[in-house]
Amino acid sequence: NTTGGTISVVVGGTPVPLANNQSLDGFTANGANTLFTVPTTGTYMVTYRVNTTAGVLLTSRVMRNGTELPGSAFSPAVSVSDYSATVITPLTAGDTLQLQLAGLLGAVALQGGAGASMTVVRLA
């Protein structure tokens, strides 16, 4: 997401739209650009970054098929404005991935230019 914007976060999790500057290379996205389908079975590196305009205390994570991808959650003990994680994991063709913010009930403003990104690279 390169335009910034405000996301209304709910405690259970809210998808982060990644609507700008996509290079999908076989992945497909839903109409809201919040859910991405894996095209090929393999081992992948999944990395993301979320930058907010002010420090907030919440959790960022990647969901695989509606379940938190192990190792992808970042839950700081203090308010921060930069959330990120990288995990290497096997994925199956047809799996869905979604970047989420959770653990807060309120609005979060993303930075313009580099508000949120997710990169998924097939390694093997």
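This is a predicted model: local features need pLDDT of at least 70, side-chain atom pairs count only at pLDDT 80 or more; totals for chains, interfaces and linings use all residues.

- Thr 59 has a relative accessible area of 17%, and because residues under 20% are called buried, Thr 59 is counted as buried.
- Leaving aside residues up to four places away in sequence, Thr 59 touches Ala 73, Phe 74 and Ser 75, and also Gln 100, Leu 101 and Ala 102.
- The C-alpha atom of Thr 59 is separated by 7.3 Å from that of Pro 76, although the two residues are 17 residues apart along the chain.

**The largest nonpolar core**

- In soluble globular proteins, nonpolar side chains tend to be buried together.
- The largest nonpolar core in this model has 26 residues, and the members that touch the most other members are Val 16, Val 50, Val 62, Leu 99, Leu 101 and Met 118.
- At least two residues of this core are supplied by each of strand 1, strand 5, strand 8 (80-91), strand 9 (96-102), strand 10 (106-110) and strand 11 (116-122), while the largest share, five residues, comes from strand 5.
- Val 50, named above among the core members, touches Ser 81, Asp 82, Tyr 83, Leu 99, Leu 101, Leu 110, Gly 115 and Ala 116 when residues up to four places away in sequence are not counted.

**Aromatic pairs**

- A pair of aromatic rings is described by the distance of the centres and the angle of the planes.
- The structure holds two aromatic pairs, and one of them joins Phe 27 and Tyr 44, whose ring centres are 6.2 Å apart and whose planes stand at 85°, so this pair is edge-to-face.
- Phe 27 lies in the loop between strand 2 and strand 3 (28-29) and Tyr 44 in strand 5 (residues 42-56), so that the pair links distant parts of the chain, 17 residues apart, and both of these residues are buried.
- Phe 74 and Tyr 83 form an aromatic pair that is also edge-to-face, with 5.6 Å from centre to centre and 70° between the planes.

**Salt bridges**

- Side chains of opposite charge can pair when their charged atoms come close.
- There are two salt bridges in the structure, and in one of them Arg 49 pairs with Asp 82, with the closest N and O atoms 2.8 Å apart.
- Because Arg 49 lies in strand 5 and Asp 82 in strand 8, this pair ties together parts that are 33 residues apart in sequence.
- Both partners count as partly exposed, Arg 49 at 37% relative accessibility and Asp 82 at 32%.
- In another salt bridge the side chains of Glu 68 and Arg 61 meet at 3.6 Å, N to O; Glu 68 is partly exposed, with a relative accessible area of 35%, but Arg 61 counts as buried at 12%.

**Two asparagines with positive phi**

- Asn 33 is not a glycine, yet its phi is positive, at about 55°, and this residue lies in the loop between strand 3 and strand 4 (36-37).
- Asn 33 counts as buried at 18% relative accessibility, and, with residues up to four places away in sequence set aside, Asn 33 touches Val 16, Pro 17, Leu 18, Ala 19 and Gln 22.
- Asn 65, likewise a residue other than glycine, has a positive phi near 55°; Asn 65 is found in the loop between strand 6 (59-64) and strand 7 (67-68) and counts as partly exposed at 43% relative accessibility.

**A nonpolar patch on the surface**

- Val 10, Val 11 and Leu 105 form a nonpolar patch on the surface, and together they have about 300 Å² of accessible area.
- Val 11 is found in the loop between strand 1 (5-9) and strand 2 (14-15), and with a relative accessible area of 54% this residue is exposed.

Note on methods
Residues are numbered from 1 along each chain as its sequence is written. Side-chain values use heavy atoms; hydrogens and water are left out. Patches are made of residues with over 30% relative accessible area and no salt bridge: like charges are joined within 9 Å, nonpolar side chains (Val, Leu, Ile, Met, Phe, Trp, Tyr) within 5 Å. Accessible areas come from the Shrake-Rupley method with a 1.4 Å probe; for residues, only the protein chains shown count as cover. A salt bridge is a side-chain nitrogen of Lys or Arg within 4 Å of a carboxyl oxygen of Asp or Glu. Helices (H or I, at least four residues) and strands (E, at least two) are DSSP runs, numbered from the N terminus. Buried means under 20% relative accessible area, exposed over 50%, partly exposed in between (1.4 Å probe, protein chains only). Rings of Phe, Tyr and Trp (its six-membered ring) pair if their centres lie within 6.5 Å; planes under 30 degrees apart count as stacked, over 60 as edge-to-face and the rest as tilted. A nonpolar core is a set of buried Ala, Val, Leu, Ile, Met, Phe, Trp, Tyr and Cys residues joined through side-chain atoms within 4.5 Å. Contact means heavy atoms within 4.5 Å.
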